[in-house]
Amino acid sequence: HEGDVRVTIQPSQFSLLIWPCTIPYQFQYPAITSGFGQVLLQLTIYDQVDVPPTYLPHKVEPFPEHLPGTPVSEKLDISRHMTATHQTALDRPIYILDNLFSNKTLDQLLDHVYTSSQYYYDDSEDGGETDNVQWISGYRTVEFVRSNLWGVISGTLDQITDHKGWYPYDISCNLNRAWDHTRIHKDCYGKEEFTFLIFLTSNYQPGDLGGTVFYQHEDLSEIVTLVQNRYGRVALFHCQIKHAARPPHAALTLARYTFVVKVARTKLSAVQREMLTTVLHTQGLEDESEAEEWVEEKSAEIGDDADKLEDLFVAMQMEAMKIRQEDLQNSLLNAGV
């Protein structure tokens with residue numbers, strides 16, 4: 001009663017806990033020094049069949065081609081939106097832009113993230129360098145590039161970099177909460193690519209934290225800048241700059257959302273990069289070097305045609321999705337669910 005703790009349960013793998021749903025409870029997150037997440041399967045059981053479900057299953061919808069309020073890319077004047085520019089010691093750039101998107105566009109984008117996406121988290125020890133954050137995905141590249149949002153992003157890249165032909169290979173939305181233990185990382189190695197990051201949490205104040213910090217040197221001895229979390233603010237930066245997300249203030253329960261688009265200099269390179277992750281899990285390959293060889297062989301077979309390679313990749317994605325659905329159904333049947 002009145003906030004006192006009656007009992008505390010220590011987590012133990014495969015243990016089962018049952019309690020009346022009228023008892024208030026709270027899950028405690030792992031210590032900040034732990035790199036692993038806490039995974040639980042929770043079922044709410046009713047004594048009657050006509051009670052509406054608490055969680056409704058949803059369908060992953062295609063990325064919307066038209067987001068209301070998005071500016072026309074051909075009429076963009078990026079100089080009007082540029083707030084600041086920074087260079088690391090290795091001359092790798094960071095650009096900060098504001099008011100590139102209207103609140104209406106941002107609201108629609110966030111609504112799509114909420115309702116039409118899938119949530120992922122990788123806390124594996126053998127995953128190499130990682131940002132250690134949850135991410136939300138549901139954005140197939142072939143759909144995303146048809147959107148007017150991509151028109152603005154590609155137009156911004158064209159103007160700032162004086163290079164045309166950028167193409168996305170990784171589209172997701174990162175999710176951080178106050179208790180997350182984020183890590184310093186790079187988005188790529190040995191490549192001249194960029195990351196386009198949109199801060200997507202409204203009503204943030206400077207004291208709420210949740211920004212992104214960028215480092216001057218490889219040894220992390222100095223910070224170039226910390227980009228404050230502001231609704232709709234864009235951080236466009238070279239993919240080889242070491243950086244880290246900053247979780248929200250400990251007093252906040254709301255999440256920090258950032259919509260992230262990573263781009264390669266050509267469509268062929270982007271499709272190859274995106275294929276690497278998929279083939280590593282679907283073709284029975286042992287490591288990334290084998291995956292790279294597999295992708296290079298497939299590219300050579302079709303004459304390094306980016307469109308044909310993308311068609312092949314989409315077919316692979318659909319087949320992998322079909323297999324996952326069949327495996328899930330079989331698992332549920334075998335478990336008697």
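A quick definition before the tour: a nonpolar patch here joins Val, Leu, Ile, Met, Phe, Trp or Tyr side chains within 5 Å, using residues with over 30% relative accessible area and no salt bridge. Keep that in mind. And remember, this is a predicted model.

So, the overall picture. The protein chain has 337 residues, and 40% of them count as buried. There are 6 helices and 11 strands. The chain exposes about 20,500 Å². Carbon and sulfur atoms supply 51% of that area.

Next, the surface. Val7, Ile9 and Leu17 make a nonpolar patch of about 290 Å². Val7 sits in the segment before strand 1, which covers 82-87. Is Val7 buried or exposed? Exposed, because its relative accessibility is 58% and the cut-off for exposed is over 50%.

Now for charge. A negative patch gathers on the surface from Glu286, Asp287, Glu288, Glu290, Glu292, Glu293, Glu296 and Glu297. One of these, Glu288, belongs to helix 5, residues 288-301.

Last stop, Glu274. This residue lies in helix 4, residues 267-282. Glu274 is buried, yet it has no salt bridge. Which side chain of opposite charge is nearest? Arg140, at 7.7 Å. A salt bridge here needs a side-chain nitrogen within 4 Å of a carboxyl oxygen. What does Glu274 contact, leaving aside neighbours within four places in sequence? Thr141, Tyr169, Phe313 and Gln317.

Conventions:
Residues numbered from 1 in each chain as written. Predicted model: local features only at pLDDT ≥ 70, side-chain atom pairs only at ≥ 80, totals over all residues. Heavy atoms only, no water. Patch = residues over 30% accessible without salt bridge, like charges linked within 9 Å, V, L, I, M, F, W, Y side chains within 5 Å. Areas by Shrake-Rupley, 256 points an atom, 1.4 Å probe, with all protein chains shown as cover. Helix = DSSP H or I, 4+ residues; strand = E, 2+ residues; numbered from the N terminus. Buried < 20%, exposed > 50% of the residue type's maximum accessible area, 1.4 Å probe, protein only. Lys, Arg positive; Asp, Glu negative; His and termini not counted. Charge placed at Lys NZ, Arg CZ, Asp CG, Glu CD. Contact = heavy atoms within 4.5 Å.
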